[in-house]
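Subject: Structure handover

Hello,

Here is the structure for your files. My notes on it follow below.

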Amino acid sequence: MNEPLSPNTRTKGASGLARLALTLSGGGLLTAIIAATGSGSGSFSFKIGLLLLVLGFLASAVGGLIAIVALVLGRRRDGPISRMPLIALAIALVFGGYFIAQLSTAISVPPIHDVATDLADVPQFTTLPVRADNLANIPSGGDAALAAMPPAARWQAIHRKAYGDITTLHLPLDTAKAMDRATRLVQSRGWVIAKLDAATGTIEATDTSLFFRFKDDVIVRIRPDLSPAGGAIVDMRSISRVGESDIGVNAKRIRAFLADLKKG
């Protein structure tokens, strides 16, 4: 017959698992930080950074599972429970929650990275360069009708279905006042302005994400409304410099900016 483990043996086992759990969870988080820092600084490509992020998540998740085992073993012995598995589990839960939330968002939005308010007359950058493959890899998602379309038309079809609410904004202001309001709003967001042309009512700027330091280029176009309503019409476009899917960031940016612009 197998003899039950002595309290001392259980203690050593729980302690060893706790150290392993903390090593994996903490190491996974450190890997994610290295991924973001290295990708953001240009030390390696964003694809390598994303791969490291996934590996860090997996390591942290395994560390969290081991932490649970260590906690269960720890409860079976006398004395206080070690903090190591609690810390490891906390790291795994926070990191895992962030990763899963990002993954869930990525699945729920279309795999495009270029969003605009006017698809018939898309605002065009003249100072900030648009990536050469901007519309080269628009997936069809297995839809035969989409697959038969050229990339630009496929992008528009996906865009209309997903972001039908993102449209031209009308402001009851003349173009000069609308331009001034938009400029102040861009500056308040900390975007780096590359072009500010009051004559053409154009602002080009770059927004940099905190995590991974991804750069997205934005153009705001303001023109007079020639309809009887008068005022100004504002169009906007936001493009990610890297990647195929933007996890909905560009659409979120445009919605928020136009909402704030409307409020004044």
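Thr-105 sits in helix α3 (residues 83–108); helices here are DSSP runs of H or I with at least four residues, strands are runs of E with at least two, and both are numbered from the N terminus. At 29% relative accessibility, Thr-105 counts as partly exposed (buried means under 20% relative accessible area, exposed over 50%, partly exposed in between, with a 1.4 Å probe and protein chains only). Its side chain reaches the backbone oxygen of Ala-101 at 2.9 Å. Thr-105 and Ile-247 are 142 residues apart in sequence, yet their C-alpha atoms are 6.0 Å apart in space.

Before the rest, some notes on the source. This is a predicted model, in which local features need pLDDT of at least 70 and side-chain atom pairs count only at pLDDT 80 or more, while totals for chains, interfaces and linings use all residues. Residues are numbered from 1 along each chain as its sequence is written, and side-chain values use heavy atoms, with hydrogens and water left out.

Strands

Strand β6 (residues 232–240) has 8 of its 9 residues buried, so it is largely enclosed by the rest of the structure. Two strands are taken to pair if DSSP finds at least two bridges between them. Strand β5 (residues 215–224) runs antiparallel to β6, joined to it by 9 bridges, and Ile-219 stands opposite Arg-237 in β6. Strand β1 (residues 114–116) also pairs with β6 in the antiparallel sense, over 3 bridges; there, Asp-114 has Ile-239 as its bridge partner. Strand β2 (residues 169–171) is joined to β6 by 3 bridges, again antiparallel, with Leu-171 partnered by Ala-232.

Strand β4 is likewise largely enclosed by the rest of the structure, since 6 of its 7 residues are buried. Antiparallel to β4 runs strand β3 (residues 192–197), with 5 bridges joining the two; Ile-193 stands opposite Ala-205 in β4. These two strands form a hairpin with 4 residues between them, and Gly-201 in the turn has a positive phi of about 65°. Between β4 and β5 there are 7 bridges, also antiparallel, and Ile-203 stands opposite Val-220 in β5. The hairpin of β4 and β5 has 6 residues between the strands, and Phe-212 in this hairpin takes a positive phi near 75°.

Gly-42 is found in the loop between α1 and α2 (46–75) and, at 57% relative accessibility, counts as exposed.

Thr-202 belongs to β4 (residues 202–208) and is buried, with a relative accessible area of 9%. Its side chain makes a polar contact with the side chain of Thr-200 at 3.2 Å (a pair of N or O atoms within 3.5 Å; within protein, one must be able to donate a hydrogen and the other to accept it, and residues adjacent in sequence count only if both atoms are side-chain atoms).

Salt bridges

How many salt bridges does a search of the whole structure find? The search finds 14, a salt bridge being a side-chain nitrogen of Lys or Arg within 4 Å of a carboxyl oxygen of Asp or Glu. Three of them are described here.

- Arg-221 forms a salt bridge with Asp-118, the closest N and O atoms being 3.7 Å apart. The pair links distant parts of the chain, with Arg-221 in strand β5 and Asp-118 in the loop between β1 and α4 (144–147), 103 residues apart. Both residues are buried. They also belong to a network of salt bridges that links Asp-118, Asp-121, Arg-221, Arg-223 and Asp-235.
- Arg-253 forms a salt bridge with Asp-207, with the closest N and O atoms 3.0 Å apart. This pair also links distant parts of the chain: Arg-253 is in helix α7 (residues 249–263) and Asp-207 in strand β4, 46 residues apart. Arg-253 is buried at 10% relative accessible area, and Asp-207 is buried at 17%.
- Asp-180 forms a salt bridge with Arg-184, where the closest N and O atoms are 3.1 Å apart. Both lie in helix α6 (residues 175–188), 4 residues apart, about one turn of the helix. Asp-180 is partly exposed at 42%, as is Arg-184 at 46%.

Regards
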